[in-house]
Amino acid sequence: MQSCGSVRPLFGGAMSALIPHGAKDVSELREIPDNQEVFAHAGTDQSLIVELVEYQAQVADQDAASYHFLDIAGSNKASEPGSSSITSVVSLSRQDVSLTQCSSAWMLSGAQCVSKFNEEAKNSVTIHLGLFRLPQFSTDVLVTFNDPQTISSESSSAPAAGKHEEAWTVMDFQDLLKSITLHDTGLFG
């Protein structure tokens, strides 16, 4: 049985969350934007991103997770037909999440065919996305779990593709979503 992880501070301690076992803080390896916390699995090509993005007031709550998924697809150059699909979008009960300041919470699952670092090689990636809407702070908290399913042998990710015995699971991601806690509203300016 794998360990579930540990509660780690996010955004200088303004938030915290249960981050799964084997997570490496990517900011120790390269520069990460101030509005993101990025973790990579030590033995797979999985990653987790906690991101503060602008609240999209023009998008209805039930459509907001799809809106952000499609925005990510555009950033990943996975917006051509057949390169991305949404499998499910479900509402998360506010009683089941620690981020009680949110007006609504959502989890989306989907898939994208993406290249890493603008390579030609394409990888098939399942994307689980959690969304917490905080209109009072003009912020959406977006949590993305990138879970590669098929990695091209031509991809720079190929060397990491073989080690999956301790891979993160959807349950690990759900535990992370349930655990996100806001400690300091000053984070939002």
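Predicted model: local features only at pLDDT ≥ 70, side-chain atom pairs only at ≥ 80, totals over all residues.

Modeller: Residues are numbered from 1 along each chain as its sequence is written, and side-chain values use heavy atoms, with hydrogens and water left out.

Colleague: How many helices and strands does the chain have?

Modeller: Helices (H or I, at least four residues) and strands (E, at least two) are DSSP runs, numbered from the N terminus. Here there are two helices and ten strands, and from the N terminus their order is β-β-β-β-β-α-β-β-β-β-α-β.

Colleague: What share of the chain is buried?

Modeller: A residue is buried under 20% relative accessible area, exposed over 50% and partly exposed in between (1.4 Å probe, protein chains only). Of the 189 residues in this chain, 47% are buried.

Colleague: In what order do the strands of the open sheet lie?

Modeller: In general, strands of a sheet pair through backbone hydrogen bonds, either parallel or antiparallel. Two strands count as paired if DSSP finds at least two bridges between them. In this model, three strands form an open sheet in the order β1-β2-β10, with antiparallel pairing. Because β1 (6–10) and β10 (181–182) each have a single partner strand, they stand at the edges, and one side of each lacks a neighbour in the sheet. Strand β2 (residues 15–19) is joined to β10 by two bridges; Met-15 has Leu-182 in β10 as its bridge partner.

Colleague: Which helix lies across β2 and β10?

Modeller: Helix α2 (residues 170–179) does, running at about 160° to β2. Axes are lines fitted to C-alpha atoms, for helices over the stretch in contact (heavy atoms within 4.5 Å). Angles run from 0 to 180 degrees between N-to-C directions.

Colleague: Which residues form the nonpolar patch on the surface?

Modeller: Like charges are joined within 9 Å, and nonpolar side chains (Val, Leu, Ile, Met, Phe, Trp, Tyr) within 5 Å. Here Leu-70, Ile-86 and Val-89 form the patch, together having about 230 Å² of accessible area, by the Shrake-Rupley method with a 1.4 Å probe, where for residues only the protein chains shown count as cover. Ile-86 lies in strand β6 (residues 84–92) and is partly exposed, at 38% relative accessible area.

How values were computed:
Patch = residues over 30% accessible without salt bridge, like charges linked within 9 Å, V, L, I, M, F, W, Y side chains within 5 Å. Salt bridge = Lys/Arg side-chain N within 4 Å of Asp/Glu carboxyl O.
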